[in-house]
Amino acid sequence: MKQSLQEGIIVIDYGSQYTLLIARRVRELGVYSEVWPFDDPRVDLLAKGEIRCRGIVLSGGPGQVRETGAPQLATGLLDLETPILGICYGMQLIAQEMGGSVDEGTAGGEYGRTKVNIEVPRGPLGSLEAGSSTTVWMSHGDTVDELPAELEAIAATENGIVAAVAHRQKEVYGFQFHPEVSHTEAGAEMMKEFAFTICRCEGDWNMGNFVESAVASIRETVGESDHVICGLSGGVDSSVVAALMHRAIGDRLTCVFVDNGLLRHREAELVQEVFEGHFGVDLRVVDASERFIEGLAEEIDPEKKRRIIGEIFIRVFEEVASSIEGARFLAQGTLYPDVIESVSAGGPSVTIKTHHNVGGLPEDLDFLLIEPLRELFKDEVRVLGRELGLPEESVGRHPFPGPGLAIRIMGDVTRSRLKRLREADDIFISALRESNLYDSVWQAFAVLLPIQTVGVMGDKRTYEEVVALRAVTSRDGMTADRAHLPMEFLGKVSDRIINRVTGINRVVYDVSSKPPATIEWE
Ligand code: XMP
């Protein structure tokens, strides 16, 4: 990524839950951006001037800069000529380093939407008017309560707390608030000023450049002769990783696709068409459906189902992987949000569902990991997939959980019930595509219920199963709203399912939102 980085902005992460958003906002401007943890050895090289970039952002963080042991600025960083923007914790670090003081302050912390007054429209605030006020997103306990001589306050909140600072001579700025969060009204404008006016970035970076630099860095990591294994699931992330790895190392990549019998209609075929047919990848398709379905026999507890599937998956994957000679690396489709959830989340959280996907492989699996999508968000991964020539059918697919249809079948998972659900789901998804509704929802699927109800078909009484349709809108799957699909459309889908799928005589629509429901039923 060297070429892009010289033209880009490095974000140094002090653990804020918003760090990823900073990099994303920068990339949205067409400027390359990477996030480095504060203790990454490259940060020292950056501070010594041995790695160059156009600008540096210091993120927020959960700590208090004045505490012993709190993450600090790398020595020399503030002596660089490179422009720096410190956000929240980052601003406090700058102020403290220059001799100012950071404390709890008398006014207390500020959380959520807050009005700030623009006093001196300089630096990243350059496009705003002196004397105007704007709404920003705050999330801090400590404040800079004494400014060092080199810094001047350029904005303050109505509580009189310093909201933004600028160095009197150098391109060093600090915001107590979070410009990267969408609730900060003029946040995009501020990031733009920083990137273009201050850092003088070009704004000509795009996913094509990402492919180039990612390919170069994969080649450097893997070397001239090593082989890589990549687990394909049919989902967007693993497909994009496979396509990217293939672009980088060609036939030194072997993909493994485990058919667990719990897949959507045409999942296995699509993977084969795309990867064997189109890309010519060495693809090992393992039909382990018998093993999974036997393993699940008569299990109706959602968590136990997930665990059974996770364990069988690991075993199958290990068996296949050990039969592939010379492979030292395992490529995974870990995304930015996955990284941040496991790194920055901090503190114990309750397990709502045990998520299982290829990322759930055991640590003692004897491979070095390559995770080329670690810097990207889901929608960026889709853009990357298109750039790599993956068909829309793969790239634009709704998310699909690792345990597959097993957690969409309430009760017993049997071959006949799987077939029933797969058919109903395909009718629903095809109808969404036909009516141009597929892309307007974040995820849609059918669920098979563990009850039978009475119906009448022809002149005969039926006593058959029920399918629930689920369609949600969402940004990231963390929260979701029921999709407002037209009743006429739902009626058409219901008629088709009941008429075409044997064993189903009733269709219902799930109108719950998340929370309190979850997207999947199990
Ligand atoms: P829930 O049901 O928790 O789902 O609201 C949020 C998103 O995560 C997907 N999901 C999973 N994905 N392995 C996965 O890879 C899993 O075990 C799993 N469970 C849920 C779900 O489809 C939705 O997109």
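**Reading charge, shape and cores in a predicted model**

User: How many positive and negative side chains does the chain have, and how far apart do the centres of the two sets lie?

Analyst: Lys and Arg count as positive, Asp and Glu as negative, with His and the chain ends not counted; each charge is placed at NZ of Lys, CZ of Arg, CG of Asp or CD of Glu. Here there are 52 positive and 81 negative side chains, and the two centres lie 6 Å apart. This is a predicted model, where local features need pLDDT of at least 70, side-chain atom pairs count only at pLDDT 80 or more, and totals for chains, interfaces and linings use all residues. Residues are numbered from 1 along each chain as its sequence is written, and side-chain values use heavy atoms, without hydrogens and water.

User: Why does the radius of gyration agree with a compact globule?

Analyst: The radius is taken over C-alpha atoms, and the globule rule is 2.2 Å times the number of residues to the power 0.38. For 522 residues the rule gives a value near 24 Å, and the chain has 26 Å, so the two agree.

User: What share of the residues is buried?

Analyst: Buried means under 20% relative accessible area (1.4 Å probe, protein chains only). In this chain 56% of the 522 residues qualify.

User: Which residues touch the most other members of the largest nonpolar core?

Analyst: A nonpolar core joins buried Ala, Val, Leu, Ile, Met, Phe, Trp, Tyr and Cys residues through side-chain atoms within 4.5 Å. Leu77 and Phe275 hold that place among 75 residues. Helix H7 (residues 236-249; a DSSP run of H or I, at least four residues) gives the most to this core, nine residues. A second, separate core has 52 residues, including Phe292 and Ile498.

Definitions and conventions
Buried < 20%, exposed > 50% of the residue type's maximum accessible area, 1.4 Å probe, protein only. Helix = DSSP H or I, 4+ residues; strand = E, 2+ residues; numbered from the N terminus.
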